[in-house]
Amino acid sequence: MNRGDFDSIAVKQGHLLQKELEETPSTMTTENGADSPSGGAALDAQPNRMAGPKGAWAMKRMNDPEAQMDLDGWLGNFYASGPGVQWMMAANPMPPEEGA
């Protein structure tokens, strides 16, 4: 066979296809890019949900004056601590001084 009989683009595509066929993926198929579209438990049904069922902590925070005072005290202590000051500085950067 003469090498001049083959189109270079077709040869490159053939090499790419051959390479893809040699690969062995860990999954058979994907759905919208996900390996296992049904995998994992429902997030609202996990027993270790930190926020409580359906926002119970947020509702308590809004409706219970004692919970409001407890959290306000905790936040006050946090903002007065070293990590709290660093967090506030990162969250609310100071505007540059005029003339600087």
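Asp-64 sits at the N-terminal end of helix α3 and caps it: one of its side-chain oxygens is 3.1 Å from the backbone nitrogen of Glu-66. With 16 residues, α3 stretches 22 Å from first C-alpha to last, close to the 22 Å expected at 1.5 Å a residue.

All of this comes from a predicted model, so a word on confidence is in order. For the protein chain as a whole the mean pLDDT is 77, with 63% of residues at 70 or more. Where pLDDT is low, the predicted coordinates should not be read in detail.

Now for the neighbours of α3. Helix α2 (residues 56–63) packs against α3 at about 100 degrees, the two axes being 5 Å apart. That angle makes α2 roughly perpendicular to α3. On the α2 side, the contact is made by Trp-57, Lys-60, Arg-61, Met-62 and Asn-63. Their partners in α3 are Pro-65, Ala-67, Gln-68, Leu-71 and Asp-72. Sorted by class, the residues of this contact come out as five nonpolar, two polar and three charged.

Helix α4 (residues 82–91) also packs against α3, with the axes coming within 4 Å and crossing at roughly 85 degrees. Here, too, the angle counts as roughly perpendicular, because the range for that label is 65 to 115 degrees. From α3, Phe-78, Tyr-79 and Ala-80 take part in the contact. They meet Gly-82, Pro-83, Gly-84, Val-85, Trp-87 and Met-88 in α4. The contact of α3 with α4 holds seven nonpolar and two polar residues, and no charged ones. The contact of α2 with α3, by comparison, has three charged residues.

Definitions and conventions:
Residues numbered from 1 in each chain as written. Predicted model: local features only at pLDDT ≥ 70, side-chain atom pairs only at ≥ 80, totals over all residues. Heavy atoms only, no water. pLDDT = per-residue confidence, 0-100. Helix = DSSP H or I, 4+ residues; strand = E, 2+ residues; numbered from the N terminus. Expected span 1.5 Å × (residues − 1). Polar contact = N/O pair within 3.5 Å; in protein donor to acceptor, adjacent residues only side chain to side chain. Axes fitted to C-alpha atoms, helices over the stretch in contact; angles between N-to-C directions. Parallel < 35°, antiparallel > 145°, perpendicular 65-115°, else oblique. Contact = heavy atoms within 4.5 Å. Nonpolar A, V, L, I, M, F, W, Y, C, P; charged D, E, K, R; others polar.
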